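Subject: Structure for your files, with notes

Dear colleague,

I am handing over the structure we spoke about, and my notes on it follow directly below. Please read them with the coordinates open.

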Number of protein chains: 2
Amino acid sequence: MQNWFIDRHPVALPAWLEALPEARVLARAQAGTAVGAGILWFRLRAGEALATVLPAAGPAADQHFIVLSDEPDEEGVLQALAAGAAGCCNSYAAPEVLRQVALVVGNGGLWVGQSLLRRVMGSSARILERQPPAARADDWSALLSEREVQVARLVAGASSNKEIARQLDISERTVKAHLTSVFEKLGLRDRLQLSLRINGLTR
Amino acid sequence: MQNWFIDRHPVALPAWLEALPEARVLARAQAGTAVGAGILWFRLRAGEALATVLPAAGPAADQHFIVLSDEPDEEGVLQALAAGAAGCCNSYAAPEVLRQVALVVGNGGLWVGQSLLRRVMGSSARILERQPPAARADDWSALLSEREVQVARLVAGASSNKEIARQLDISERTVKAHLTSVFEKLGLRDRLQLSLRINGLTR
DNA sequence: GGCGGTACTGTACTTTGGTGCAATGGTGCA
DNA sequence: TGCACCATTGCACCAAAGTACAGTACCGCC
């Protein structure tokens, strides 16, 4: 996994290269064109706005963003994550920490650091409370048996009957039986309608 | 890193053990005493309160918590993280996903899954709404011809090939031809995966 | 003029999805 | 002890989805 450090000038802090010697270092001006797949570490210096250091396009499918903040705070972390970053950590973090961040993010995880986590979650929870209760419309699952719900969920994720049978360790015929029952109970025609219903795209 | 699956009864879903054959499986009653260092996967069944499955004490220094939720939703994820969990993923996730989650969490990261992340962030910050819709939402259509896009959109709405043929006034065979081309261009297997992609539920 | 992409269609075929009928066994309830 | 519901499975069957191979036709481009 290639790492790219992107700062105002193409200069890396010593700890960065100690952590990831193979990384390349770019100036922001080059970042639009010269960067390929991998992990992109954007340094956010004190007082800078996030929008000025992140590219407008957002990450490509084969890229992850990490924000290296000189002054990390909870609001900045939320903004970074909202802008598509997979993590946010201190610019002056130790090399071992940076390596760990790279490992986690490279595998699709999030990294916000332990000390920031509590504060971030605290403010997220507060924001959530002000939002409408989200109306968990789970009336579909209420109509189904436990096993039917399991099968339905797997269908909603685009699994085939054969895959579902293997996952639940039952025969394909039984999967079909459950599905027939699900269709009948919910008044649906096939697995695609079921998927839309479960994923909340139809009433 | 030892993994422990903790459910109402000491029974694991097949995918769990396929992902982590070395894991041990415990009932909740045993979880207080029998669990050592490593990653603790707590299954949260539909309708259960988080507090009933997580131990009151919280994780020890050498432990990480993961919540395996039968019905993952944004509020539950936030609650789980606030309660000390390092991640929250679907109980029915594929083995490869579970392995990745274990890797990330074992290295101190967070895991909430990509689709959940979007929703959580959507609740946490409005910033997201200004950003992605054009970027990611339309990249699938960019790869397709005009006719293929028409067919794909109808498929995403759960129309059958016959219905699509009637709507577009072409033969069912032509619908299939377009779809075969769409699957090939987007690297998808069938119409259900296509529907999820178009409806923005998969990357 | 050839080449590649698109649109369209046919025949034939395999695979997957879904139903009907039948059966076994378990659970919970009146 | 029945009855209803659930989970499971087999066999047979039909329909829908999807693929392989082939063919016609239009368009823009070098």
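In chain A, strand 4 and strand 5 (residues 85-90) pair in the parallel sense over five bridges, and within strand 5 of chain A the bridge partner of A:L68 is A:C89. Please keep in mind throughout that this is a predicted model.

Strand 4 of chain A, which spans residues 63-69, has six of its seven residues buried, so it is largely enclosed by the rest of the structure. Strand 4 of chain A is also joined to strand 3 (residues 38-44) of chain A, by seven bridges and again with the two strands running parallel; in this pairing A:L40 stands opposite A:F65 of strand 4.

Elsewhere in chain A, strand 1 (residues 3-7) and strand 2 (residues 24-27) run parallel and are joined by four bridges, and the bridge partner of A:D7 in strand 2 of chain A is A:A27.

As for chain A overall, it has eleven helices and five strands, and buried residues make up 37% of its 203 residues. Of the contacts in chain A between residues at least 6 apart in sequence, 55% join residues that are at least 24 apart.

Turning to chain B, five strands form an open sheet there in the order 2-1-3-4-5, with parallel pairing. Strand 2 (24-27) and strand 5 (85-90) of chain B are the edge strands, each of them pairing on one side only, and neighbouring strands of this sheet are turned against each other by 25 degrees on average, direction ignored. Strand 1 (residues 3-7) of chain B is joined to strand 2 of chain B by four bridges, the two running parallel, and B:D7 has B:A27 as its bridge partner in strand 2 of chain B. Helix 5 (residues 95-106) of chain B packs on the sheet, where it touches strand 1, strand 3 (38-44), strand 4 (63-69) and strand 5 of chain B, and its direction makes about 170 degrees with that of strand 5 of chain B.

Five bridges join strand 5 of chain B to strand 4 of chain B in the parallel sense, and B:I66 has B:G87 of strand 5 as its bridge partner.

The next element to look at is helix 11 (residues 191-198) of chain A. Seven of its eight residues are buried, so this helix too is largely enclosed by the rest of the structure; the buried residues are A:R191, A:L192, A:L194, A:S195, A:L196, A:R197 and A:I198. They pack against helix 7 (139-142), helix 8 (146-156) and helix 10 (172-186) of chain A, and also against helix 13 (191-198) of chain B. After helix 11 of chain A comes A:G200, whose phi is positive, near 75 degrees.

Which residues come nearest to DNA strand D? Of the 18 residues around DNA strand D, they are A:S145, A:R147, A:I170, A:T174 and B:D190. Two or more residues of this surface are given by each of helix 8 and helix 10 of chain A and helix 11 (161-168) and helix 12 (172-186) of chain B, and helix 12 of chain B provides the largest share, four residues. By type, the residues near DNA strand D divide into four nonpolar, six polar and eight charged.

Around DNA strand C there are 18 residues, of which A:T180, A:D190, B:S145, B:R147 and B:I170 come nearest. Helix 9 (161-168) and helix 10 of chain A, together with helix 10 (146-156) and helix 12 of chain B, each supply at least two residues of this surface; the largest share, four residues, comes from helix 10 of chain A. The residues near DNA strand C divide into four nonpolar, six polar and eight charged.

With best regards

Definitions and conventions: Residues are numbered from 1 along each chain as its sequence is written. Chains are lettered from A and ligands numbered from 1 in the order in which they are written. This is a predicted model: local features need pLDDT of at least 70, side-chain atom pairs count only at pLDDT 80 or more; totals for chains, interfaces and linings use all residues. A residue is buried if 20 or more other C-beta atoms lie within 10 Å of its own, exposed if 12 or fewer, and partly exposed in between; C-beta atoms are placed from the backbone. Two residues are in contact if their C-beta atoms, placed from the backbone, lie within 7 Å. A residue is near a molecule or strand if its C-beta atom, placed from the backbone, lies within 6 Å of it. Ala, Val, Leu, Ile, Met, Phe, Trp, Tyr, Cys and Pro count as nonpolar, Asp, Glu, Lys and Arg as charged, and the others, Gly among them, as polar. Two strands pair if DSSP finds at least two bridges between them. Axes are lines fitted to C-alpha atoms, for helices over the stretch in contact, and angles run from 0 to 180 degrees between N-to-C directions.
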